[in-house]
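Here's a quick tour of a protein model, written for someone who likes the cut-offs spelled out. Have a look at the fold before reading on.

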Amino acid sequence: MKKMTLLLMGCGGVGRQLLRHIVSCRSLHATQGVHLRVVGVCDSKSLVVVAPDAHMLELDDKFLLEVCRVKEDGSSLSKLSGFGACRVFAHSELTAKVFNMVSHLGLAVVDCSASSETTEILSRAIDLGCCIVLANKKPLTATMEYYDKLVSQPRRIRHESTVGAGLPIIASLNRILSSGDPVHRLVGSLSGTLGYVMSEVEDGKPLSQVVKTAKSLGYTEPDPRDDLGGMDVARKALILARLLGRRITMDSIKVESLYPDEMGPTVMSVDDFLSKGLPLLDTSICKRVAKASVSGKVLRYVCVIEGTRCEVGIQELPRDSPLGRLRGSDNVLEVYTRCYNKQPLVIQGAGAGNDTTAAGVLADILDIQDLFP
């Protein structure tokens, strides 16, 4: 039985769902001859590790499910002290202890956080020849110097879930690039939230109503401006552009926000934005929808990567194209290459949600199992 040792960083929705997937797939993985050993779990404040010996022991399934319960209740991992065979380390000790684990255990570091503060740990893991699996986009959108280091050992990094949750976007592009088929153009709707918003306003619904509905359905962040500002899509676009060999930073990407600066978080509260700010944007979006419709087109919030161009914002697209037919919160990416020229390769499916994203992370972990003894 091949044993893979894991350290999980991040216990939010994706991290918790990953732990549940690991537990629920024990029988399946046993038939595949692999066992996932979770020896440590950390959030921004605490680290929980198996005791007394992470070389031999692991956090058992009962403990992993308790981690999920505690974090779902909004409590700290420190609450787990005394529950099972574990040790809890406070924030002041966290980084040093993680460094120690990375240095002495041949493991995979799985980053399901949304933090830019994991970069130091990931860098140390790379230096020591460990594997890293990312759902966190921020490490891959840091400086070019840091990005180069992360991807310097391509066999030891997987990050499919940074762009399309469980969709095979990164793997498909890597296969195309490895075959020598140059990618000329990428056009994608890579935000389930904005995909839903744009397809709903196409039906004549006011933007303000659509955003409020999306928030009530759990499609948006607590502050919908985190989605409407386009930065999440911009990070995904930067990851894709760098994968294609573009040596660019976030400052190189033109990003269209769906709200003006005077409605930003430092000016308006969330409640004021929803009740007073958003309704002021209804008319302009409605006019853009009508203008596109006259030409047989629809509005979609997309990223476009072509040559030196890399931008994120609203585009008018043919109604009968894959992106034009997009409904709801699915993601779609059109890939244009020498081989996929007039008829692009289209990758489409659920591109958001904790369950889908965690499944993508789990698949990435299993994809590197051959690097473990």
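## Ground rules

Two strands pair if DSSP finds at least two bridges between them. Strands themselves are DSSP runs (E, at least two residues), helices are runs of H or I with at least four residues, and both are numbered from the N terminus.

This is a predicted model, so to speak of local features a pLDDT of at least 70 is needed, side-chain atom pairs count only at pLDDT 80 or more, and totals for chains, interfaces and linings use all residues. Residues are numbered from 1 along each chain as its sequence is written, and side-chain values use heavy atoms, with hydrogens and water left out.

## The sheet

The protein has 15 helices and 13 strands. Seven strands make an open sheet, in the order 4-3-2-1-5-6-7 and with mixed pairing. Which strands stand at the edges? They are strand 4 (86-90) and strand 7 (157-158); each has a single partner strand, so one side of each lacks a neighbour in the sheet.

Strand 2 (residues 34-42) and strand 3 (residues 46-50) pair in the antiparallel sense, over 3 bridges. In this pair, V41 sits opposite V48 of strand 3.

## Helices on the sheet

Helix 1 (residues 13-24) lies across strand 1 (2-9), strand 2 and strand 5 (107-111), and runs at about 160 degrees to strand 1. Helix 15 (residues 354-367) packs on the sheet too, touching strand 1, strand 2, strand 5, strand 6 and strand 7, with its direction at about 120 degrees to that of strand 2. Those angles run from 0 to 180 degrees between N-to-C directions, with axes fitted to C-alpha atoms (for helices, over the stretch in contact).

## K137

UniProt, in an unreviewed entry, puts a "binding site" feature at K137; its positions follow the numbering used here, feature names are shortened, and annotations may be inferred rather than shown by experiment. K137 is in the loop between strand 6 (131-134) and helix 6 (144-150).

Is K137 buried or exposed? It counts as buried because its relative accessibility is 17%, and buried means under 20% relative accessible area (exposed is over 50%, partly exposed in between; 1.4 Å probe, protein chains only). Leaving out residues up to four places away in sequence, K137 touches T162, D232, R235, K236 and I239; contact means heavy atoms within 4.5 Å.

## Overall numbers

Of the 373 residues of the protein, 53% count as buried. Among contacts between residues at least 6 apart in sequence, 67% join residues at least 24 apart.
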